[in-house]
Amino acid sequence: MAYSAWFQCFRGCSGRWSVYDVIYRCPTCGGLLEVAHDVEALKDRSPAAWMRLMDQRVGTTQWPYGSGVWGKKEWVIPDIHDDHIVSMFEGNSNLFWAHRLGREIGLEDLWVKMCGISHTGSFKDLGMTVLVSVVNQMIRSGRSPVRAVACASTGDTSAALAAYGAAAGIPTIVFLPRGKVSAAQLIQPIANGALVLALDTDFDGCMRVVQEVTADNSIYLANSMNSLRIEGQKTVGIEIVQQFDWAVPDWIIIPVGNLGNISALGKGLMLLKELGIINRLPRLVAAQAEKANPLYRSYLTGFREKVTVQAERTLASAIQIGNPVSYEKAVRTLQEFDGLVEQATEHELANAAARADLTGMYTCPHTGVALAVLFKLVERGVIKGKDRVVVISTAHGLKFTQFKTGYHEDTLPEVEALRANPPVYLPADARVVQEVISRRLEAMQAHGT
Ligand SMILES: *Cc1c(COP(=O)(O)O)cnc(C)c1O
Ligand SMILES: [Zn+2]
């Protein structure tokens with residue numbers, strides 16, 4: 001049986017386009033496209049047969065199935081040639097049982113999906129492998145006008161694009177808001193040979209410029225308004241269910257900015273339901289930084305209208321977005337998944353991240369937003385003690401060293417660092433050292449830690 005996928009209008013206008021066409025929006029209504037699959041064809045395999053096939057591929061070295069994304073190739077881009085796929089074996093990230101943190105807040109069944117343990121240190125790799133693979137096939141076919149791939153980014157998309165582009169030998173151009181990404185995020189695309197353009201604006205300003213620059217089709221647009229990225233990013237939800245032996249958790253919490261990823265999360269889970277692999281859905285929670293909270297504000301009005309804001313500077317810089325491109329998709333997802341939106345202040349996100357770190361994690365500020373939202377929902381009794389909860393950790397803490405040092409030096413704006421742990425500077429004198437050690441151990445015992 002031949003499986004197939006194509007672009008169509010997300011809002012339901014008629015028309016189908018090849019995923020190898022350079023097209024980002026519906027020509028009729030201007031709305032976003034989505035990749036649709038021939039689900040009837042996919043039903044030629046039983047749910048049990050699909051689960052067996054996907055389970056067999058985990059950890060294999062057989063190209064390209066060892067990738068968490070391409071291990072689900074039939075559900076992603078079924079007809080792409082295997083030798084055109086550009087993959088770093090992304091996905092298959094650790095689903096960490098956050099036992100100690102869970103117990104502290106009264107949850108037995110808390111899990112953190114460690115998506116930052118990936119090639120470029122964030123979950124953006126999941127979508128970028130798909131987009132760059134499709135572009136690679138377009139270029140190799142010899143009929144494509146595409147000369148380079150470009151994106152606007154808050155830091156992680158550009159790192160992923162530059163790495164996958166370099167792996168394929170495809171030129172990349174990244175537009176970054178000057179001074180608004182971490183040092184690690186800036187140096188990643190530089191090291192991978194991208195043309196790095198740091199513009200005097202914010203992410204939303206970069207987004208406007210990149211759309212103009214890519215209008216003539218010779219430079220391909222890699223932002224998540226390009227629904228190819230969503231197809232890869234959607235595997236995160238599928239992978240979580242698979243890691244629970246195909247059982248569905250009660251809640252999944254994800255930090256959101258441009259809203260592509262929450263839409264993708266829902267899309268993957270919905271496919272599992274359509275294929276009969278799962279028969280219920282988790283509730284989804286979109287976690288926003290209070291400094292950049294347009295979705296939260298729309299949520300408060302019952303999504304009567306799209307709110308846009310001027311995003312303010314937040315420690316959670318990858319979600320500092322005021323005009324989210326995938327707003328409509330995210331609203332539909334939240335409605336289908338009985339979803340919630342909650343926000344976190346700078347103080348809350350930084351202390352939540354530090355609290356998780358004290359149980360062995362090393363969380364990025366966006367994961368801090370999701371954890372702070374988790375703590376609120378547990379406190380409010382919305383999330384119950386017996387619920388199985390997954391928090392998606394979207395990037396690696398090692399990308400955000402300034403955030404970590406700022407916290408432990410207690411110099412972050414609007415944050416009182418309740419768990420700061422600065423180093424102790426001492427003379428090289430064993431007696432002084434012993435005294436400091438015993439004072440610290442006594443204090444820890446007094447706190448029961
Ligand atoms: C991109 C990103 C997000 C949010 O994803 P959106 O699709 O923009 O909503 C969250 N955390 C990190 C670290 C990211 O890079
Ligand atoms: Zn349309």
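The entries cover the basis of the values, then ligand 1, then the zinc site.

**Basis.** I am working from a predicted model, where local features need pLDDT of at least 70, side-chain atom pairs count only at pLDDT 80 or more, and totals for chains, interfaces and linings use all residues. Residues are numbered from 1 along each chain as written, chains are lettered from A and ligands numbered from 1 in written order, and side-chain values use heavy atoms, without hydrogens and water.

**Ligand 1.** I found 15 residues around ligand 1 (a heavy atom within 4 Å). The closest are K124, D156, G257, N261 and T394. The shell divides into seven nonpolar, six polar and two charged residues, with Gly counted as polar and Tyr and Cys as nonpolar.

I then looked up polar contacts (N or O pairs within 3.5 Å). A polar side-chain atom of D156 lies 2.7 Å from a ligand 1 oxygen. For N261, a side-chain N or O atom is 2.8 Å from an oxygen of ligand 1. L259 uses a backbone N or O atom, 2.9 Å from a ligand oxygen. Of the 380 Å² of accessible area (Shrake-Rupley, 1.4 Å probe) that ligand 1 has on its own, the protein covers 97%.

**Zinc, ligand 2.** Which protein atoms are the donors (N, O or S within 2.8 Å of the metal)? I read off the SG atoms of C9, C13, C26 and C29, at 2.2 to 2.4 Å from the zinc ion. Their spacing along the chain is C-x3-C-x12-C-x2-C. Ideal tetrahedral angles are 109.5 degrees.

Notes: Polar contact = N/O pair within 3.5 Å; in protein donor to acceptor, adjacent residues only side chain to side chain. Donors = N, O, S within 2.8 Å, 3.2 Å for Na, K, Ca; no water.
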